[in-house]
Amino acid sequence: MIRRIASALAAWVFAWAGAAEPLPAPRLDHLVALSDLRGVSEFARGRAPMRERFCLEDTARGLVAALRLHAAGEDPRAAELARSYLRAIAALRAADGRFRFGFQGWDGPMERVAVGDQLGRLLWGLGHASAQGVDEAMRTQAAALFRTALTGFRPEQAGPMEASYAIQGLHAYVSTHPADAETRTLLRLAAGRLAARLPSADEWVWPTERVTYDSGRLPLALMLAGEVLDDPALREAGLRVLRFLERAHFPDPAGPLQVIGNSGWWERGQAPARADQQPIDASGLVEAYAQAWRSSKDVHWSGRARDAAAWFLGRNEGGLAVYEVATGACHDALGHRALNANCGAEATISALIALDAARGLPAPVAAASPHPPVWAFYYAWYGVPQGPRQRWEFWADRGEPAVGARLRLPFHPLIGPYDSTDPAVVAWHCRLAEAAGIDAFLVSWWGGANVSGEAFERVILPAARATRVKVALNCELAQFHAEVGPLVERLAGVLARCQGDPAYLRRSGRPVVYLYQVPFDPKLTPATFAELRRGVEAKVGPVWWAMDKIRHDAGTYGVPADWRTTEGIDGFGFYGTFSVRRLWERAELAPFFERYARDVRRAGRELLLPMHPALDNRVIQPKDGFAIPFREGETLEGYHAAALAAGADVLLLTSFNEWPEGTVVEPSADWPDPYRHLRQIARWKGREFVPPPLPAR
């Protein structure tokens, strides 16, 4: 009963924290109680300060919190707190320019010197004060202390977290001291070295084999450096790390933040620990998500920031409020079903920073008519001699050398011909799709008939895991199989291996399989589909089946009657208008889509409608090929508007990269703006398209 009440309370708190009402204003009462002229007392017994040790790093973080709350203008005590913290930090400066670790009781500064993470946090606090001090005198003093402390920072020797904290301070300082070229160079060096420590093509996007405390600070540092240095590669590196961490922190995408626990952390190859979750970790994530929103304007990240802030208010595994709204005190840790009773400096400061960062973000809004998901057809059958398979495939007909004018393409990829099993290329494709708001790739799959099966499992799924893009099978074998048995074995086999992957696309809780068919007399019939469905689901469980089916009789173009009554089909759609009728004008598309939609709705199925940016298949079909013009984006806009007007549940983008037919949205070197189509799609999703760095090849 108690647990049910706690869960209900947690759900209520989350609904309140994520709704339009603002998060509670941070309160300074407990931080004031922890503070005196020595800075901030590290420990508290319960809420009573112990006043045994005043660490430099806590005082530096307290300086950040106090200045942020001063800027918010909600507590007049914040300015004096900030001044007292800077005085305490100045008193810890030794004659040699180094800074002491802190004060031990009333015995004066310790002999121990602040190094490593302590030095990084000091630079964070002083850099922030140099930019955001309460007056010019404070900013000038903080800048001088920052430059002194900076002499002890060695980017080539710094660990990942020391560098991450220091980069936050460097970002703040450089933002307000643009003429200091030497410090700007140091920032570039530190951020570059940190980014270089990340694996380039690996699922484990972290510089070491273990993720420990305050992990959100690392992607935050890279994004901040990318911002002030105008370096998209650094910003993308930060987002890549943040997406990697998100999978651990939100194992249930709709559930609460689950902080990586202090008791065991997250070892590579193991599940993240959940015991002893600490406020410092949640706070760093709030700031990282907030910066990701500022960088991308993607509301997903502002929502995640508020989710992480709600962890402090009870939206967590235990349903327990870690932060006390009435006093401003924050408990040191969250156990499985209990709170650590003590409310020390690190936890309290972390909560104040987190709540302040999240309160400035837009609250999630439940849209009355959210934009339907966009699923793009994706092709993984390409090869080049310099790629992993070391031969030309599909860039030219019948294996002819695809060089110069012999390339059978209407226009050419921005990165040139590529290999579909090149992890760097596929990872770039996934990042492009994510930046544009494409929700999923329907990957053309031929089992063992070409390399697509290997590419799907070995390259595409792992690449998608590092993004929010999902992938599913676009099975092209069904239309040609006279015998269903072998197809059942192949399809069930790949689903058994892949459907549990977090990157595999699911709808209504089931893995999606799209069954492609040419509209002219394919071998798949309602009877053979029923046999296929029974065979596959007996082996792997329920599947969400999307059927590519449209009549090609002139004047109808709906769903054939025998297919409308076939059980087990969840959605009807079709690949493109050009297969059955050559039309692309918006005025013609609207009634065409409406007729098809009526048949799908009468059958009680979901509606999937195609969109084309253009088409030009005359190179590969010189006798009967034709072209659908781009028309400065109007063609794609027309398809989009007609599909929305018809009430499409899913938009099928034909295609991401079917280069020989010229239906691509993948960037082309032949377009004035290589990213023109992706920018259109991003606008539909209410986001700004930011191109990720080109793949290293």
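**Helices in a predicted model**

Modeller: This is a predicted model, so let's start with helix H14, residues 423-436: its 14 residues reach 20 Å from first C-alpha to last, close to the 20 Å expected at 1.5 Å a residue.

Biologist: What makes you call H14 mostly covered?

Modeller: Buried means under 20% relative accessible area, and twelve of the 14 residues of H14 are buried. Among them are Trp-428, His-429, Arg-431 and Glu-434.

Biologist: Which elements do those buried residues pack against?

Modeller: H10, strands E9 (374-378) and E10 (440-445), plus helices H15 (452-465) and H21 (676-684).

Biologist: H10 also packs with H9. Why is H9 called roughly antiparallel to H10?

Modeller: H9 (217-229) and H10 (232-249) pack at about 160°, with axes 7 Å apart. Angles over 145 degrees count as roughly antiparallel, so that's what H9 is to H10. The crossing is left-handed, too.

Biologist: Over to helix H6 (136-150), where Met-138 lies. How do you know whether Met-138 counts as buried or exposed?

Modeller: Its relative accessibility is 5% and the cut-off for buried is under 20%, so Met-138 counts as buried. Leaving aside neighbours within four places in sequence, Met-138 is in contact with Leu-63, Leu-67, Ala-82, Arg-83, Leu-86 and Gly-133.

Methods. Residues are numbered from 1 along each chain as its sequence is written. This is a predicted model: local features need pLDDT of at least 70, side-chain atom pairs count only at pLDDT 80 or more; totals for chains, interfaces and linings use all residues. Side-chain values use heavy atoms; hydrogens and water are left out. Axes are lines fitted to C-alpha atoms, for helices over the stretch in contact, and angles run from 0 to 180 degrees between N-to-C directions. Helices (H or I, at least four residues) and strands (E, at least two) are DSSP runs, numbered from the N terminus. Angles under 35 degrees count as roughly parallel, over 145 as roughly antiparallel, 65 to 115 as roughly perpendicular and the rest as oblique. A crossing is left-handed if the near helix is turned anticlockwise from the far one by less than a right angle, and right-handed if clockwise. The expected span of a helix is 1.5 Å times one less than its number of residues. Buried means under 20% relative accessible area, exposed over 50%, partly exposed in between (1.4 Å probe, protein chains only). Contact means heavy atoms within 4.5 Å.
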